[in-house]
Amino acid sequence: MTIRLFDSAAREKRVFKPQDPARVTMYVCGPTVYNRAHIGNFRPVIVFDTLFRLLRQTYGETAVVYARNVTDIDDKIIAASVESGETIAAITQKYAAIYGEDAAAVNALAPTITPWATKHVGEMLAMIEALERKGYAYATDTGVYFDVPQVPTYGRLSGRKLEDNLAGARIAVDQGKRNPADFALWKFTKPDEPDSAVWDSKWGKGRPSWHIECSAMAAKHLGKTIDIHGGGIDLQFPHHENEIAQSECTHGEEMARYWMHNGFLDMGGEKMSKSLGNVVLLNELLNDWDGEVIRFAMLSGHYRAPLDWTDDLLEQAKVTLGRIYGALRRVWAAEGARASDKGVRRALSDDLNTPVALADLSRLAGEANSAADRGDQDAMAQARADILAAGPLLGLLTKTPAQWEQGDSNDDTARIDQLVEDRLTARAEKNWAEADRIRDKLQAERIEIMDSATGSTWRRI
RNA sequence: GGCCCUGUGGCGGAGUGGUGACGCAGCGGAUUGCAAAUCCGUGUACACCAGUUCGAUUCUGGUCGGGGCUUCCA
């Protein structure tokens, strides 16, 4: 099935053709690990995980190489270390581990490669040296900078011109730079910085600047030209623009063939961001919502559009996902059919149209329920197979219906099962008072009984 | 200021030059001991004003509103 992706650089959907179908490469900018990531930070995680899943199904599980870096050296990490007294390594390892756990909680597969910046300082220095040799870099007394005006195509990705930027009021003031648009490749060590943030270089002690790590690590692990480079829309300029400048001036080849950027999560119509302080942490959400509900909510909007993150969105996601699990429960025993419906995959292949994919999943749930109502075994088996085939593409439906509705079997589920049995007995004796008493009792525990011609089942709501 | 995106029914959210995706909520019916679950049915939605067209929510121009980037940021 043809995959089409919206390429930010081309500003249109393009048919996706990898350089080598046997080795499809994707690089996504990962976290700076100095504190907990918020739910907005997990939008690219979930979005590109969904793309990863689609590509794996299309090109083969081992044919897709997905790298997502860990930025473990940066101003904020140094500041966190100085403030807390913890070592940089302790801080970065702690928060990288939490990030990994959070990502797993929303069913994101581990990337193929997770490169850490501090493990690649040698590669970064080699790149900076190459840039200097070619005349693209120069040193000042604060660091080594990239000479932006030497790249006539600078701004192509984000669709802006250097002179446009000059009109803005937010250009950094740095007298040492030749041009305000020049950006740091290497930052010299400042007096109060910890030793663990210091590396030697031919220009002097310092540390790599942010942009260079992605260029160096993408080239090392995925090659000079990668197929897909992704990240949040805020990274389009300047981060990705700078990556392009560094990489293409070093290698003389196109850095990435498709650029993809996800939109922001909003809170009350304004973007969620650490600097605004209007953030919700994923681990807080996990206290109240299943990871799959969070993922469903995230996928309910198209990845390029802003998505307003509200409790109501989560509640709707929970109800809708619950209906799908309920439908799956009703056809669970009808095994044997082969999946044939391509709706979800078709939707995802059209620039990751997850809202349509989820609509299709709902359609399949309707078919399952309808088949179950009719007692049509063939249709039930077909619906079951189609729903279960869609799950892995979306990173949803990883549980059995019983696990979803009732949780894992234990003493409590046995107790509830017994009460449901008792109620059935009461109903058989037309003892409605007793039957309703049991139902009310369970209702008070947020347990819902669902009757059918063949018996009763229950779920936690 | 510059550049870019966006405005769909009570809510979320796709899509299209010509029969109202899908989900949630609501309403009616079936089913049920009564419910719930489920199924079926049910909505004169496309910010506003012009223009192009046989026909525009969809294309063009303008107006108004919302948002983003403009070197901290997913």
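Start with chain A in cartoon view: you'll find 16 helices and 15 strands, where helices are DSSP runs of H or I with at least four residues and strands are E runs of at least two, numbered from the N terminus. Keep in mind that this is a predicted model, where local features need pLDDT of at least 70, side-chain atom pairs count only at pLDDT 80 or more, and totals for chains, interfaces and linings use all residues. Residues count from 1 along each chain as its sequence is written, chains are lettered from A and ligands numbered from 1 in the order written, and side-chain values use heavy atoms, with hydrogens and water left out.

Now zoom out. The C-alpha trace of chain A spans about 90 × 50 × 40 Å along its principal axes. Of its 461 residues, 51% are buried (under 20% relative accessible area with a 1.4 Å probe, protein chains only).

Next, select residues 256–262. That's strand S10, and Arg257 is in it. Is Arg257 buried or exposed? Arg257 counts as buried, because its relative accessibility is 19%.

Last stop: the surroundings of Arg257. Leaving aside neighbours within four places in sequence, select Asp7, Arg14, Lys17, Pro18, Gln19, Thr225, Ile226 and Asp227, which are in contact with Arg257.

How values were computed
Buried < 20%, exposed > 50% of the residue type's maximum accessible area, 1.4 Å probe, protein only. Contact = heavy atoms within 4.5 Å.
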